[in-house]
Amino acid sequence: MFKIIIKENYDEVSDAAFEVMKEVLDSTENPVLGLATGSSPVGLYQRMIKDHEETGRSYKDILTFNLDEYVGLPRDHEQSYWTFMHENLFNHIDIPDENVHVPLGIGDDPEQNCVDYENELVKHEIAVQVLGIGSDGHIAFNEPGCPFDTPTHLMDLTEQTRRDNARFFENDIDQVPTRAITMGLASIMRAKRIILIATGKNKAEAVYGMLKGPKTTDCPASILQDHPDVTVCLDKDAASLL
Ligand code: F6R
């Protein structure tokens, strides 16, 4: 079930997302958090950092699981999602590194990395999963055509996703990795609650597909129509086709 919140701008969208996160943090003892990278959740993470600084809320006993990681980027690469999460959240709160889980994009056997990640993931219930959405309707890196019942797996990134993400790689699509390891749609659907954040006109079509379109693997986010508790935080541009 979707609760749709439409706000004027990114700041207000981030405030709305933080309200949901705060509700979970306040009402659950040591919740397990599912986290995303990309531009969409940065404002939410800034609010979590501010709240930590101002209220002393502790993340010492909280576990986190991230959605995805590029295949081939070592953890200390400046564009790895490991680095992104440390720069945008983990370095600014009191979470110990052993509580942080980000899929491992390097090593001899990426398939085994997927199995290991999923095996760890199923031991926990994600209290709230933060999501962005790709302009092609992907959530995590589950690209169009990806079956709804997949666990953590490897995914070839679409041209559109690599083009969208080239802004982080000196606007050079050739530098954007071609594959990612990603939580599957089945892994994501197990989360108790979901916050999905989308802003900007380039997300409007994907947002429409997710909320109003048919449930189809052509728009992976449309699987969320079957989830009992999704708060969708949008700005006017992302909501413009609704
Ligand atoms: C990131 C992720 C992706 C992004 C999506 C939107 O961990 O899983 O699905 O959420 O590509 O990216 P932004 O927020 O940069 O527009």
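First, the ground rules. The model is predicted: local features need pLDDT of at least 70, side-chain atom pairs count only at pLDDT 80 or more, and totals for chains, interfaces and linings use all residues. Numbering runs from 1 along each chain as its sequence is written, and side-chain values use heavy atoms, without hydrogens or water.

Now the fold. We have seven helices and ten strands; these are DSSP runs, H or I of at least four residues for helices, E of at least two for strands. The radius of gyration is 17 Å, close to the 18 Å from the globule rule for 242 residues, so the chain is as compact as a globular protein of that length. That radius is over C-alpha atoms, and the rule is 2.2 Å times the number of residues to the power 0.38.

Next, burial. Of the 242 residues, 56% are buried, meaning under 20% relative accessible area with a 1.4 Å probe, protein chains only. Contacts are heavy atoms within 4.5 Å. Among contacts with a separation of 6 or more, 79% join residues 24 or more positions apart.

For Cys 219, the nearest cysteine sulfur belongs to Cys 146, 12 Å away. Cys 219 is buried, at 10% relative accessibility. Cys 233 is in no disulfide either; its nearest cysteine sulfur is that of Cys 219, at 18 Å. Cys 233 is buried too, with a relative accessible area of 1%.

Key
Buried < 20%, exposed > 50% of the residue type's maximum accessible area, 1.4 Å probe, protein only. Disulfide = S-S within 2.5 Å.
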